[in-house]
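Here is my note on this structure, point by point. Keep the 3D view open and click along as you read.

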Amino acid sequence: MDIVAYDPYIDPRKVTDFDIKYTSNFDDILACDIISIHTPKNKETIGIIGSKEMEKMRDGVVLINCARGGLYDEDALLNGLKSGKIHMAGIDVFNKEPAIDNPLLDLNNIIVTPHLGANTKESQQNIAIQAAQNAIDAAKNIAYPNALNLPIKESELPDFLRPYLELIQRMGSLSAQATRSKIKTIKISTQGAVSDYIDSLSTFATVGILSESLEDSVNYVNAEFVAQERNIEILKESKVNHSGLSNKVCIKLVTKDTIFTISGTVFGEDAPRIIDIDGYQLDLEPKGTMILFRNTDVPGVIGDVGGIIASHKLNISDFRLGRDKNLQALAVVKVDGVVTKELISDLSNLKTCLNVTYVTI
């Protein structure tokens, strides 16, 4: 067979070295005879193949999903299987599990398997053996690379550092969602007493960044190894503290398409804040669903943005604005609810819009 692979987060050589065709156009996947999906489940991939995508497929296509439930729109899948547009489907995962009353189970042109994951007898046995071996190695003071805990001792972490670790992981997640592109370099910069723990901060930032595309296959133990495997360079820099803040942490994310920077600090004992995004100064609590809207700095933009969001029946819970010297601005709009592709499209059609995306942390 001729194999075509699509993954915007990897180096194409990871595919082409196996004599597989790499594509940056998702429609090339939809043109295949057999489509198998292998992505984590997040806001970018939920419903990644729905009725519109199925309309583009060849008649008689075969679909497979052994990744996560909800990546195929189940209603569209059901209709496609009934009409014959989809010849057959092989499904291991469903929106709701166990899938006892799922109408897909009534069809003859679908093969289903139980979503067992790591719950097979053999897998459980291997996990038990590995856990026992880890305990033995720990008792002998031997390093164990597959540890389930953090690669740092909890007792050695000062209380002031803990909110910074959570903050920089959230900053990493925001960075990856805002860029949505293959990562080349992750640079961590610190100022203040947190610089003594830059290695731990780098680990948490890397987990936050890579988890957006790798989900639970990346953790605090293997993060830097996974980055190295993907040819991602990790840089660390401790700077003299001229920020006027007690501590400051920064991420510079270089991707194949752009450079994204973000900075943060913790006020008081536990009040984490993002204070800068791409040079725009803000005061932003790092949680919630946020629309990042970059625009030309002219009158009326806030009203236009608010009006479009309201037309999509979303309530604005917070609105932060940063401006620069080039007559440009960045609005970070927190909303209650789900941001749809249609909303982003409507915002991008504004004449003042330079770029718009959304993140959830």
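1. Let's start with G264, which is buried, with a relative accessible area of 0%. Buried here means under 20% relative accessible area, with exposed being over 50% and partly exposed in between (1.4 Å probe, protein chains only). You'll find G264 in strand β10; helices (H or I, at least four residues) and strands (E, at least two) are DSSP runs, numbered from the N terminus. Leaving aside neighbours within four places in sequence, G264 is in contact (heavy atoms within 4.5 Å) with L167, M171, N247, K248, V249, R273, I274 and I275.

2. A word on what you're looking at: this is a predicted model, where local features need pLDDT of at least 70 and side-chain atom pairs count only at pLDDT 80 or more, while totals for chains, interfaces and linings use all residues. Residues are numbered from 1 along each chain as its sequence is written, and side-chain values use heavy atoms, with hydrogens and water left out.

3. Next, hop over to D11, in the loop between β1 (4-6) and α1 (13-16). D11 is buried, at 11% relative accessible area. Its side chain makes a polar contact of 2.7 Å with the side chain of R13. A polar contact is a pair of N or O atoms within 3.5 Å; within protein, one must be able to donate a hydrogen and the other to accept it, and residues adjacent in sequence count only if both atoms are side-chain atoms. Not counting residues up to four places away in sequence, D11 touches K182 and N231.

4. T45 is another loop residue to check, sitting between β3 (34-37) and α3 (51-55). With 9% relative accessibility, T45 counts as buried. A polar atom of the T45 side chain lies 2.7 Å from the backbone oxygen of P40. Once neighbours within four places in sequence are set aside, T45 is in contact with T39, P40 and L71.

5. Now for the nonpolar cores, meaning sets of buried Ala, Val, Leu, Ile, Met, Phe, Trp, Tyr and Cys residues joined through side-chain atoms within 4.5 Å. The largest has 43 residues, and L174, L210 and I277 touch the most other members. Apart from that core lies another, of 26 residues, with I37, M54, I91 and L104 among them.

6. How many cavities of 30 Å³ or more does a search of the whole structure find? There are three. On a 1 Å grid over the protein atoms alone, a cavity is a set of points where a 1.4 Å probe fits but cannot get out, and a pocket is an open set with protein on both sides within 12 Å along at least five of seven lines; lining residues have an atom within 4 Å of a point. Grid points are joined across faces, edges and corners, and a volume is the space filled by probe spheres set on the points. The largest cavity has a volume of about 110 Å³. Its lining has 14 residues, and Y9, I183, S213, R230 and I232 are the closest to the centre. Helix α7 (residues 198-214) gives the largest share of that lining, four residues.

7. Last stop: the second largest pocket, holding about 250 Å³ of space. This pocket is lined by 14 residues, and A178, F260, R294, N355 and T357 lie nearest its centre. The elements giving two or more residues to the lining are α6 (162-179), β10 (259-267), β13 (289-296) and β16 (353-360).
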